[in-house]
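Got your viewer open and a selection tool handy? Here's a stop-by-stop walk, with something to pick at each stop.

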Amino acid sequence: MRAAIWFLILFAVAVALALFAGPNASGVTLYFAPYRVDLSLNLVLVLLVAAFVLLHLALRALSALFELPRQARRWRAQQKERAMHLALIETYTHLLAGRFLRARKCADVALHQEASLREAVGDIPHGPQVRALAHILAADSAHALQDTAARDEHLAHLLADADAHSQTEIAEGARLRAANWALDDQLPGDALKWLEQLPQGVSRRMATQRVRLKAARLAGQPLLAIETARALVRHRAFTPEAGNSLVKSLAADVLRQVHDLNQLEKTWRALEPAERATPEIVCMAAQRALQVASGPHDQARGKALARQWIEAVWPQYEAMAPGVRERLVSLLEASLDDADMPWLARIESAQQKLPHDANLQYLAGMACVRRQLWGKAQQLLTMAASSLSQDRMRRQAWLTLAELATARGDTEAAQDAVRHAAQV
């Protein structure tokens with residue numbers, strides 16, 4: 001198509017040349033009294049074309065001459081802009097390489113170049129973003145150098161500039177970064193204050209939740225920490241195993257801060273059903289119920305609460321880890337004083353289901369002692385005493401056997417049991 005158009009243009013030029021370049025009797029007469037100038041039409045046309053070309057070239061030359069100062073300013077602005085971007089790149093490179101002093105100097109150079117460029121040509125595209133990036137990199141470098149004053153100064157400039165130009169995302173990122181700096185300085189309270197300034201949508205982001213979790217744990221606020229951990233687990237921020245382990249640890253921290261039974265019950269109800277069905281958390285709650293109880297009435301209530309919470313996880317006994325089994329049996333033993341018959345039936349049923357479990361033999365034996373079933377208690381404790389792995393329970397089993405032997409007048413068996421207890 002383009003070739004056909006060029007052929008048409010060539011034909012048109014050929015026709016025009018044939019009309020005007022050949023013999024042409026036409027002429028143009030110019031009168032300058034008292035003179036007269038006769039020119040051929042072809043010469044006049046050539047002169048007109050030449051005059052037009054000369055005039056066009058002259059205008060182009062004048063335009064280029066007057067454009068020189070503007071082009072010089074533009075060239076200088078481009079050089080400053082390139083220097084600014086190069087300084088930003090070098091800042092980030094030095095920061096990644098751990099050269100924090102060089103990174104801060106390059107960030108200052110970038111800020112100086114941006115300010116100079118703004119004075120020369122006015123506001124530039126993406127100027128606020130460039131300044132924000134330079135300030136945040138300079139603040140990061142100052143933080144690494146433990147120059148808190150310089151870091152806070154850059155942060156203040158960044159926030160003021162972001163608020164002035166309605167750069168909400170930049171301000172949010174700066175506040176989140178400030179929270180991380182506060183955590184590095186072991187100031188969890190300041191970190192939580194920075195996080196409180198973030199909008200609700202930003203607070204739900206995974207990065208923000210991670211910072212809040214660390215700050216809450218450092219600040220000794222396990223309730224806030226466990227709520228944050230639950231949100232992170234729901235968003236799959238951790239593997240299932242790591243998430244469950246973290247929630248267990250935080251639930252234990254929450255329970256450790258309880259100092260009376262009423263607060264303990266309130267805290268227990270605040271836990272999620274899945275957490276209340278976790279044996280490790282149940283053990284911690286039962287242990288805390290026995291520890292915070294003061295006075296006969298509270299002690300009886302604490303033991304009742306411990307048995308009530310243990311009852312929910314008792315069917316899982318066979319699937320529990322050995323350490324959790326020992327802890328659960330120990331706590332249940334401590335709360336057996338006023339246990340009712342259904343509990344004794346549960347213990348006996350579990351012991352019959354797992355007849356070789358030394359922990360259940362010990363627990364059933366101690367339950368028989370409290371019910372004054374001396375013969376069965378001696379049989380169960382004798383089987384458990386040599387197999388128990390926990391020193392406290394093994395020692396208690398031998399001491400109980402010594403008491404039973406003393407009660408029936410078997411001095412030799414009592415001494416032998418006391419000797420085994422002493423060896424433990």
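Predicted model: local features only at pLDDT ≥ 70, side-chain atom pairs only at ≥ 80, totals over all residues.

Residues are numbered from 1 along each chain as its sequence is written, and side-chain values use heavy atoms, with hydrogens and water left out.

Stop 1: Strand S1 (residues 27-32) runs antiparallel to strand S2 (residues 35-40), with 6 bridges between them. Strands here are DSSP E runs of at least two residues, and helices are H or I runs of at least four, numbered from the N terminus; two strands pair if DSSP finds at least two bridges between them.

**Stop 2: the annotated spans.** Now select 43-66, which an unreviewed UniProt entry annotates as "transmembrane region". The span is 100% helix, and its end C-alpha atoms are 34 Å apart. Widen to 28-114, the "domain: HemY N-terminal" feature in the unreviewed UniProt entry: that stretch is 83% helix and 13% strand, with 64 Å between the end C-alpha atoms. UniProt annotations may be inferred rather than shown by experiment.

**Stop 3: the largest core.** A nonpolar core is a set of buried Ala, Val, Leu, Ile, Met, Phe, Trp, Tyr and Cys residues joined through side-chain atoms within 4.5 Å, where buried means under 20% relative accessible area (1.4 Å probe, protein chains only). The largest one has 70 residues, and those touching the most other members include Trp309, Ile310 and Tyr362. Helix H18 (residues 358-370) gives the largest share, 9 residues. Click Ile310: beyond its neighbours within four places in sequence, its contacts (heavy atoms within 4.5 Å) include Val282, Leu328 and Trp343. A separate core of 24 residues has Ala110 and Trp181 among its members.

**Stop 4: the rings.** There are 3 aromatic pairs in the structure. Rings of Phe, Tyr and Trp (its six-membered ring) pair if their centres lie within 6.5 Å; planes under 30 degrees apart are stacked, over 60 edge-to-face, the rest tilted. Show Trp268 and Trp309, a stacked pair at 4.7 Å centre to centre and 25 degrees between planes. Trp268 sits in helix H12 (residues 261-270) and Trp309 in helix H15 (residues 295-313), so the pair ties together parts 41 residues apart in sequence. Finish on Trp314 and Tyr317, tilted at 5.4 Å and 35 degrees; ring pairs link these two and Trp343 into a cluster.

Technical notes. Buried < 20%, exposed > 50% of the residue type's maximum accessible area, 1.4 Å probe, protein only.
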